Amino acid sequence: MATAKTIQKQKELLLGHLRNVPIVEMAIKRVGTSRATFYRWCQEDEEFKDSVEKAKVDGVEYINDISESQLISLIKEKKYQAIALWLKNNHIRFMSEEKKDLLNRTQKKIELNAQQKELLKEALAHFK
């Protein structure tokens with residue numbers, strides 16, 4: 001039976017792996033923990049469960065950064081598919097009509113009523 005110190009060390013190792021690659025299967029294999037044990041820890045330890053979710057988010061952001069870096073490298077190498085992917089997702093002239101509509105809807109100016117404006121002023125006054 002593993003000691004509390006050993007279990008804590010395994011949990012920390014798992015979190016570290018999830019921050020690099022946010023895939024549970026890969027993390028548990030690297031640490032040598034079973035899937036059942038991992039999910040039992042999540043169920044029994046709310047703090048660990050929250051840390052797992054944060055580590056996964058950090059891992060996704062890390063992989064996104066690497067992916068963007070690789071995409072930029074491919075664009076610099078004049079790889080057509082990389083250029084097309086970038087433009088399709090980042091330049092309005094190359095976006096689909098659905099994406100343009102979504103972008104326009106999310107960028108529309110929101111009008112506040114008088115009560116909302118007053119609440120916003122009060123909230124911002126706390127930051128002065």
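Some conventions first. Residues are numbered from 1 along each chain as its sequence is written, and side-chain values use heavy atoms, with hydrogens and water left out. Since the model is predicted, local features need pLDDT of at least 70 and side-chain atom pairs count only at pLDDT 80 or more, while totals for chains, interfaces and linings use all residues.

I'll start with the salt bridges. A salt bridge here is a side-chain nitrogen of Lys or Arg within 4 Å of a carboxyl oxygen of Asp or Glu. How many salt bridges does the structure hold? There are 7.

Take Arg35 and Glu25. Their closest N and O atoms are 2.6 Å apart. Helices, by the way, are DSSP runs of H or I with at least four residues, numbered from the N terminus. Both side chains are in the middle class of accessibility: Arg35 is partly exposed at 37%, and Glu25 is partly exposed at 30%. The classes are buried for under 20% relative accessible area, exposed for over 50%, and partly exposed in between, with a 1.4 Å probe and protein chains only.

Next, Lys54 and Asp58, which form a salt bridge at 3.2 Å, N to O. Both sit in helix α4, residues 46-76, and they are 4 residues apart, about one turn of the helix. Lys54 is exposed, with 51% relative accessibility, whereas Asp58 is partly exposed at 24%. For a sense of distance, the C-alpha atoms of Asp58 and Lys99 are separated by 26 Å, and these two residues are 41 apart along the chain.

In helix α6, Glu97 and Lys100 are 3 residues apart, again about one turn of the helix. Their side chains meet in a salt bridge of 3.3 Å, N to O. Glu97 counts as exposed, at 53% relative accessibility. Elsewhere, salt bridges with shared partners join Glu25, Lys29 and Arg35 into one network.

Now the loops. Where does Thr33 lie? Thr33 is in the loop between α2 (24-31) and α3 (35-44). Thr33 is buried, with a relative accessible area of 9%. Contact means heavy atoms within 4.5 Å. Setting aside neighbours within four places in sequence, Thr33 has contacts with Gln10, Leu14, Ile28, Phe38 and Trp41.

Lys78 is in the loop between α4 and α5 (80-90). Its phi is positive, about 65°, although Lys78 is not a glycine. Lys78 is exposed, at 70% relative accessibility.

Leu112 is in the loop between α6 (97-107) and α7 (114-125), and it is partly exposed, with a relative accessible area of 33%. Leu112 also belongs to a nonpolar surface patch of about 550 Å², together with Ile110, Leu120, Leu124 and Phe127. Patches are made of residues with over 30% relative accessible area and no salt bridge; like charges are joined within 9 Å, and nonpolar side chains (Val, Leu, Ile, Met, Phe, Trp, Tyr) within 5 Å. The areas come from the Shrake-Rupley method with a 1.4 Å probe, and for residues only the protein chains shown count as cover.

At the start of α7, a side-chain oxygen of Asn113 comes to within 3.1 Å of the backbone nitrogen of Gln115. As for the length of α7, its 12 residues should span 16 Å at 1.5 Å a residue, and the end C-alpha atoms are 17 Å apart, which agrees. The expected span of a helix is 1.5 Å times one less than its number of residues.

That is the end of the talk.

Key:
Helices (H or I, at least four residues) and strands (E, at least two) are DSSP runs, numbered from the N terminus. A polar contact is a pair of N or O atoms within 3.5 Å; within protein, one must be able to donate a hydrogen and the other to accept it, and residues adjacent in sequence count only if both atoms are side-chain atoms.
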